[in-house]
Amino acid sequence: MADEPILSVRDLHTHFFADEGVVRAVDGTSFDLHSGRTLGIVGESGCGKSVTAKSILRIVERPGRIVSGQIMLRRQNGSTVDLTTLPTDGREMRSIRGGEIGLVFQEPMSSLSAFHTIGNQLMEGIRLHKDLSKRAIREQAIELLNMVGIPRPAQRIDSYSFELSGGLRQRVMIAMALAAEPRVLIADEPTTALDVTTQAQILDLIRRLQQERDLAVMLITHDMGVIAEMADDVVVMYLGKEVEKGPVDEIFHAPRHPYTQSLLRSIPSVLAEPRSRLATITGSIPHPFARPGGCPFHPRCPDRHDVCEIIVPAEVVIGENHVTACHLYTKVPA
Amino acid sequence: MTVLDVRHLRKHFPLRRGLLGRTAGYVKAVDDVSFSIEAGETLSLVGESGCGKTTTSRCILRAIRPSSGEILFRTGTGEQVDVAPLEKKQLRPLRRQMQMIFQDPFSSLNPRMTISEIIGEPMLVNGMTDTTIRNKRVADLLELVQLPSAYLNRFPHAFSGGQRQRIGIARALALNPSLIVADEPVSALDVSVQAQIVNLMLDLQDRLGLAYLFVAHDLSVVKHVSHRVAVMYVGRIVEIAPTTGLFNTPRHPYTEALLSAVPVPDPRRRAQRIVLEGDVADPSNPPSGCHFHPRCQYATDQCRIETPALREIAPGHSVRCLRAEELSLVGVPAA
Ligand SMILES: Nc1ncnc2c1ncn2[C@@H]1O[C@H](COP(=O)(O)OP(=O)(O)OP(=O)(O)O)[C@@H](O)[C@H]1O
Ligand SMILES: Nc1ncnc2c1ncn2[C@@H]1O[C@H](COP(=O)(O)OP(=O)(O)OP(=O)(O)O)[C@@H](O)[C@H]1O
Ligand code: SF4
Ligand code: SF4
Ligand SMILES: [Mg+2]
Ligand SMILES: [Mg+2]
């Protein structure tokens, strides 16, 4: 991982300003994406995974906005730009969105139009980012559908999304995300709505395309199995901030943060003894308006000390590329 | 004691085409399904989307009328009744004995009723009009699903997904059912909450001797809750076996592929997967012979012609594959 990251998120804060109060959806998160590597972002519902992705693409909806932090993108020409400084609908951001950073969502049905053929949508995507003749664009669209494993692409290009199965639709989404040959792919729960068998196909496809194109992939999921299968590095998020970040093998075999440890213990596995009870984490995720002070995990933490209720733990380096934010590893007197 | 005995259950939905709505064939959503469940036992139904899991459970609960087959249910008095042909009125006294837990606890709870009213409603409907007795029972049920009694007068929107699922379970238990049908009861929940609900369901079963029909697509959860598992493919059971046998020594190629596709939470086990080509067959136009043959890596010419029957090849282990004896398939490693 000696190479420069292609995308660096630094101390990002994205908040929603609702009438009832402020939701600190993303609250100080930092991580790097590298070409040819997959960063897995995992955490329970509401921890800020999707808002992080939307912040990078600058599509956070109102009343949300990026409050502070940086999102540094190394561009094709070698220059670096901080995406938080660009106007959301300006020319530069529009060419980055879809052009340099591709996006795949969980629900292909809602992101694909029912009124246009998949070919028209795909060709529109290509046209936005490339200056080619109509025929060349159509050829490229067919080529893309072929690349993502759609059978009979020359015919399928004229079908509508509702005529396709969930798995084929997700392939079309991936084709669209890659139409402009981005170097970064953000996939937000790309297989959550799919059967395991179809999920295996799509994960295979993402892996293959990543190798062929040396993509930097940011894979968002709540499924630890998918993370174990796909990620090189892992970010574990809790209430808008990473609690632990490290190489996939260490996260699974030597997790250090109490939340990571609890989460891993509580996941069901096909390798488990039949009828075995699962370890549980006490309590549930706090309501966004009732964030605990100090360490956000302290009300549920089996290892908490008095200090945890008052002082926010700082990030500590505990191994090569492995950091965690927990007082157990800081030198604060407990 | 056998609580539920399903025999040759079929549900064929007419497929209508054109303005006149003429029947242009049938969706064979459930096609000759047989299984039984004992008291205190969990049987899970698994399989890809559209294979007929929900339709099977809706037939059993008689939310819909089966096309044919028997659904023998043991009533509180110990006799077996075939609920398949019964009319609404005849079904009423039986309904309280078989209850449902839903996937989405929120949409199944009336937002304008308090928790106490929600849990008490089935009792009221069934003639338990004494408020004191009913309130006592509601309080007991709340304790059973491990919710504080302080919640009694709150409304559903004030609860998290896991708490709402507990409320749904308490309501399902209100009339002392012997059979619970749970259709994807934990798939909408976060892992930490999912673990709590799975444990609760296991505890309640041990305490109350409930029979569970557990419908799920997540094989990891299924491993934690089931005594036996039935795998469905295009409306048919292709394999049914005790949990350990099914996971460790699957005998149907489809089960093998399903198991191989499950991501295991261990990066050191990035196995070579069997990636099934293509999509699930269309139940209105299934392939000839063995429905699975277009996707089966072991298919022979015979598989395209002959429809395999479900046959027992080891004690309690039945499979619908022509080549079951000769194939040696790979399951998950033993626990
Ligand atoms: N439009 C919005 N208005 C107000 N709050 C929002 C909005 N979008 C997201 N949030 C809040 O921001 C927080 C983070 O949400 P986010 O969608 O990023 O979670 P997530 O990790 O992607 O969860 P999931 O696994 O459920 O997709 C949540 O508390 C959510 O309620
Ligand atoms: N009322 C209906 N009319 C016509 N076809 C139906 C009806 N209900 C279900 N089907 C069809 O029957 C088949 C089985 O559907 P069912 O809902 O039982 O599947 P499932 O196994 O529960 O799938 P999932 O995992 O997606 O919930 C599908 O092809 C479905 O489209
Ligand atoms: S800082 Fe304290 S409360 Fe937070 S995870 Fe560490 S030990 Fe637990
Ligand atoms: S009968 Fe043939 S096609 Fe069907 S599962 Fe067995 S080997 Fe495969
Ligand atoms: Mg999300
Ligand atoms: Mg269903």
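A polar contact is a pair of N or O atoms within 3.5 Å; within protein, one of the two must be able to donate a hydrogen and the other to accept it, and residues adjacent in sequence count only if both atoms are side-chain atoms. With that in hand, welcome to the close-ups. The model shown is predicted, so local features need pLDDT of at least 70 and side-chain atom pairs count only at pLDDT 80 or more, while totals for chains, interfaces and linings use all residues. Residues are numbered from 1 along each chain as its sequence is written, chains are lettered from A and ligands numbered from 1 in the order in which they are written, and side-chain values use heavy atoms, with hydrogens and water left out.

**View 1. Ligand 2 and its polar contacts in chain B.** A backbone N or O atom of G52(B) sits 3.0 Å from an oxygen atom of ligand 2. G50(B) also takes part, with a polar backbone atom 2.8 Å from a ligand 2 oxygen. From T55(B) it is a polar side-chain atom that lies 2.5 Å from an oxygen of the ligand. The residues around ligand 2 (a heavy atom within 4 Å of it) also include F13(B), V27(B), K53(B) and P283(B).

**View 2. The shell around ligand 4.** Look here for H252(B), C290(B), C296(B), C303(B), C321(B) and R323(B), which are among the residues surrounding ligand 4. The shell divides into 9 nonpolar, 2 polar and 1 charged. In this count, Ala, Val, Leu, Ile, Met, Phe, Trp, Tyr, Cys and Pro are nonpolar, Asp, Glu, Lys and Arg are charged, and the others, Gly among them, are polar.

**View 3. Where chain A meets chain B.** Contact here means heavy atoms within 4.5 Å, and it joins 43 residues of chain A to 48 residues of chain B. About 4,100 Å² is buried between the two chains, with carbon and sulfur atoms giving 56%; buried area is the accessible area (1.4 Å probe) that two parts lose on being put together, summed over both. On the chain A side, V270(A), L271(A) and R275(A) lose the most area, together 21% of what that side buries.

**View 4. A closer look at the domain contact in chain B.** About 1,200 Å² is buried between the domains, and carbon and sulfur atoms give 64% of it. Within domain 1, R96(B), L200(B) and L204(B) lose the most area to domain 2, together 40% of what that side buries. The count of salt bridges between these domains is 0, and 2 residue pairs are in polar contact.

How values were computed
A salt bridge is a side-chain nitrogen of Lys or Arg within 4 Å of a carboxyl oxygen of Asp or Glu.
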